[in-house]
Amino acid sequence: MAVDGRALLLCAGGGLGDSLIASVVARALRTRFARVDAFTLPAHRELLERVAEIDRVHVDDGGDMRAAAQVLQSYAYDACVVTWATSRTARLAQLAAIPIRVGQSRRLYSHRFTHQVAVRSERGDVTTHWSQILLDYARAIGCDASDSVPRVTPTSADEREAGALLESLGIAGAYAILHPANAVATERGLWPTVGWSALGRALRERFGMPLLVSGSAADAEIVAEIARDGGGIDIAGRTSIGAFAALAGRARFFAGITTGSMHVAAAAGAPTVGIFPFQTDTPERWGPTGERTATVRASYPCRPGERKETCPDYACVANLNVPRIVAAVETLLARNEVARRQESNPLA
């Protein structure tokens, strides 16, 4: 197949993890199109600018749709894949006069797409990873990616920022990262810290290295308490997305709750343990991907039907299975060390 023309990945919605996972669609589009751009939310721009398969990142500021469509039309895209479909994004692709438009079927706005794709999860699939579900959109126009692991490449400026932070903290050797909060933790104000503090102490005792406790600026109160009680170092809100990726890429390991930062750490190459404390979590679908990753599934007996958005006490978070998480980190690091030795000496 000749590689020519331009394609647009329209992923203006969701969280950081959603846009990062959607970047594998850009990799698939590269098999057919010479140039692939992205259209995303302002908060996701910095992350997608560090994805090698994406040439340019446009931002949806939520303003005038026709003006945004005119900008996109000026690039004369041959095809567009909409991975976060709404009435706005579907109409935007149509107004931009992009001839091939791929998006979700069975929606009121689906008629705006030239290629409509049935999402596997709506057909009863509860185990396929979301990266494969999104790749179905690219497959609808003859594009695919054999490698569906998202990757982020920090810039030299990101590396300098990460290095400066480590220097300011007095860290010159190995360190690890613990990420204890997600959007629900911040929004509801009920997040227990005792389980994460216990995990922090256990990780420091077992691996004997500084533990950075990360989070957004909105997580500052939660992170500060966990860092204090768990013996870690609070870095909430102290890095850009790019610098966080650089910091994670240098870390001995990353352990954290399922959220965008978990996916960024894995995409940056950090040995990553994703923690899924809720019985309703679906690590098969949202777990970190790649050979340097592992997941710890829920073990606390949540009440039937309990969801993270409505849970009254987050008892599973207060009672994290610390030994299982530490064991998962040990196993992942040992597995990675074996793989490293085999790579360096394949005849051994």
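Contact is taken here to mean heavy atoms within 4.5 Å. The structure is a predicted model. Leaving aside neighbours within four places in sequence, Leu-247 is in contact with Ala-162, Leu-165, Leu-166, Tyr-175, Ile-177, Leu-212, Ile-235 and Thr-239.

Leu-247 also belongs to the largest nonpolar core, which has 57 residues. Leu-29, Ile-141, Tyr-175, Ile-177, Leu-212 and Leu-247 are the residues of this core that touch the most other members. Helix α1 (residues 16-29) gives the most to the core, contributing 8 residues. Another core, of 40 residues, lies apart from it; Tyr-314, Cys-316, Ala-328 and Val-329 are among its members. In soluble globular proteins, nonpolar side chains tend to be buried together.

Strand β5 (residues 100-104) pairs with two strands, β4 and β6. With strand β4 (residues 79-82), the pairing is in the parallel sense and spans 3 bridges. Within this pairing, Arg-101 in β5 is the bridge partner of Cys-80.

As for accessibility, 5 of the 5 residues of β5 are buried, so the strand is largely enclosed by the rest of the structure.

Methods
Residues numbered from 1 in each chain as written. Predicted model: local features only at pLDDT ≥ 70, side-chain atom pairs only at ≥ 80, totals over all residues. Heavy atoms only, no water. Buried < 20%, exposed > 50% of the residue type's maximum accessible area, 1.4 Å probe, protein only. Helix = DSSP H or I, 4+ residues; strand = E, 2+ residues; numbered from the N terminus. Pairing = 2+ DSSP bridges. Core = buried A, V, L, I, M, F, W, Y, C linked by side-chain atoms within 4.5 Å.
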